[in-house]
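Here is a short report on the structure shown below. It moves from confidence to chain contacts, then to local backbone features.

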Amino acid sequence: MTWSDVTLIAPLVAALLVAFAIIVVDAIAPHRDRIAVAVGLAGLAIVAVLTVWTDQAPGLAFGGAYTVDTLTTYLDLIFIAIVALTVLVGPDYLGPRDLPVAEFAATLVFAMTGAMLIAGSADLLVLFVGLELMVLPGYLLAGYAKRDALSTEGAIKYFLLGSFSSAIFLFGLAYVWGLTGTTRIAGVADAIAAAQGLSPALAMGVAFVTTGVAFKIAAVPFHYWTPDAYQGSPTPVTGYLSVGPKVGAFALIIRVFVEALGPINADWLPVMGVLAVLTMTLGNLVAVTQTNVKRMLAYSSIAHTGYILVGLTAYAADPNSGGLEAVLFYLAAYSFMNLGAFAVVSALQKRPGVTSQLDTFAGLGRREPYLGILMTLFLLSLTGIPPTAGFFAKALIILSAVQAGGWVPILAVITVLNAVAAAFYYLRVVVYMYMRDPQIEPAEVDHGPLLRLGVAVAAVATVILGVLPGPLIDAATKAASSLFRG
Amino acid sequence: MTELWYVVGFAVVGVAFVFLVLGLSWLITHRNRGDEHKGRPYESGIDTYGDTWGRFGISYYIYALLFVAFDIEVIFIYLWALVFRDLLLAGFISMLIFVAILLVGLGYAWRKGVLTWK
């Protein structure tokens, strides 16, 4: 272990210390939620600064098991933003339900550490450890309302299928390791390139890896756990689950498929293409029939997985198509707009007992104009209407699919058709907010300052990425280019 | 192409194995041959009673969880102690960090009243 090893993993160590700090603060001064949240946010700021700092001197650590490059930094900053926003939004929902806030924040930071470990892993075993560290807190959070039957049910489904898929993924990694003789990602890529072509055993390994990963990103037909887990979880947790583990799993896909399995991209290209079409089509079709907004957003998150997979397919068909940049931009844009939408839902559910049915949204535009306008903004962004982040995200994906050539432009057409279908169920919520009267007069709800700040930050990010997408596109391009060294 | 047949062969054998084992165990165990004791899980010892789906208190799980944490600690510390002289100061500091992390967890559990028997 050298000094540079320590400096390169400084953000990870800091993230762990932040989680410990929250726990210790809670143990010393129990139920002082504001202090715990303040410690968490200050800590996350430090982690973000350290992440940017380590990016100044990128390199490999621990004999090539961990890497810091522009991609690591880019993904790490997304994870930090996701967790910070969730910590802002959470207390307003958890407080009235007597659910502990400090543990919520600490668990999120632990999960973030795992996601950051995935983003920076240059070794398949480190990658798997990071994956488990990311998803285990997720199971815990899904069942956070432990007296609530739906929350427990969702958590059990999420846990069983999640650990099952982890096992499948690990089994696939074992095949890859057995055939290449190394767990280093660069070594695996070299060995696969030297072997020239796909042996049946490697195909089995890739199939298992794909299945495991498809569970994690909730791609059709591996999505069955998603709606129940998302609907049952406490709403801020649902917001986190729909972006945090998803971005983490895509970080894993980039490290495993783009880097390690890069030399056989022509072989996994059709698989990703089929998954993309199935995922976005089924996600959108089922979302149309939902009357519960949380469940609708769950299916919509499945559809968004499909869009992101289109970018990945475009990259596999032609690395110069800009598919990877589009994926990276989409992940950032999706994180802000989806977290924003869930933040508004959880704001409405501040009073225990309020459901997330469509009726809850009736007349919201007049009742709470501030929330109504922001919810409209997030929904327009999810639909992909300019000038919002979602527009450029979808545009980049579609452009990359068109440029990839071959049969991939067909995916661009299907994406556009899907986006139109999706507009129906997103805008239906807007119709409810502005054109329906509430059936029962809902009580006035006083939103906390943290929640206001969280929703505002998500909204500002959604607008800025929609008006001035340039800097983030540049950052995404730089992050993607760090993969093309070898 | 012949390599593909290995995969097919593995799949066929894999599926056949399941039915073979299930079939064999059915052939061997299914019939009592006129002796009801042969149908029991244990032929000797105390007769089993109750339902396997019976509920039991899970208040032990936190103790089990803490036990696992410290069990793992013992595994690490034991090996570490064996090579302690070779690891020098870096090894000592590493173990201090590891134990400190566990102590934070224990302190937290203690403070939260987990160790109080209810």
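pLDDT is the predictor's confidence in each residue, on a scale from 0 to 100. The model is predicted. For chain A the average pLDDT is 89, and 98% of the residues score at least 70. Within chain A, helix 5 (residues 101-119) has the highest confidence, at a mean of 94. Helix 15 (residues 364-367) of chain A has the lowest, at 82. Where pLDDT is low, predicted coordinates should not be read in detail.

**The core**

The largest nonpolar core holds 190 residues. Helix 14 (residues 323-348) of chain A gives the largest share of this core, 20 residues. Which residues have the most contacts inside the core? They are Ala105(A), Val109(A), Phe329(A), Tyr330(A), Ala333(A) and Val344(A). Take Ala333(A) as an example. Neighbours within four places in sequence aside, Ala333(A) contacts Ala389(A), Gly390(A), Phe392(A), Ala393(A) and Leu465(A).

**Where the chains touch**

Eight residues of chain A and nine residues of chain B make up the contact. On the side of chain A that touches chain B, helix 2 (10-28) and helix 9 (200-217) of chain A each supply at least two residues. The largest share of that side, four residues, comes from helix 2 of chain A. By class, the side of chain A that touches chain B has seven nonpolar residues, one polar residue and no charged residues.

Chain B has three helices and zero strands. Along the sequence, the pattern of chain B is α-α-α. Of the 118 residues in chain B, 0% are buried.

Helix 3 (residues 84-111) of chain B has 28 residues. A straight helix of that length would span 40 Å at 1.5 Å a residue. Between its end C-alpha atoms, helix 3 of chain B spans only 33 Å. Is Leu88(B) buried or exposed? Leu88(B) counts as exposed because it has 9 C-beta neighbours inside 10 Å, and the cut-off for exposed is 12 or fewer. After helix 3 of chain B comes Gly113(B), with a positive phi near 80°.

**Backbone features in the loops of chain A**

Two cis peptide bonds and one positive phi value are set out here.

| Site | Feature | Value | Location |
|---|---|---|---|
| Val220(A) to Pro221(A) | cis peptide bond | omega near 5° | Pro221(A): loop between helix 9 and helix 10 (225-232) of chain A |
| Pro386(A) to Pro387(A) | cis peptide bond | omega about 0° | Pro387(A): loop between helix 16 (369-383) and helix 17 (389-404) of chain A |
| Asp98(A) | positive phi, not a glycine | phi about 60° | loop between helix 4 (70-94) and helix 5 of chain A |

Asp98(A) has 10 C-beta neighbours inside 10 Å, so it counts as exposed.

Conventions: Residues are numbered from 1 along each chain as its sequence is written. Chains are lettered from A and ligands numbered from 1 in the order in which they are written. This is a predicted model: local features need pLDDT of at least 70, side-chain atom pairs count only at pLDDT 80 or more; totals for chains, interfaces and linings use all residues. The expected span of a helix is 1.5 Å times one less than its number of residues. A nonpolar core is a set of buried Ala, Val, Leu, Ile, Met, Phe, Trp, Tyr and Cys residues joined through C-beta atoms within 7 Å. A residue is buried if 20 or more other C-beta atoms lie within 10 Å of its own, exposed if 12 or fewer, and partly exposed in between; C-beta atoms are placed from the backbone. Two residues are in contact if their C-beta atoms, placed from the backbone, lie within 7 Å. Ala, Val, Leu, Ile, Met, Phe, Trp, Tyr, Cys and Pro count as nonpolar, Asp, Glu, Lys and Arg as charged, and the others, Gly among them, as polar.
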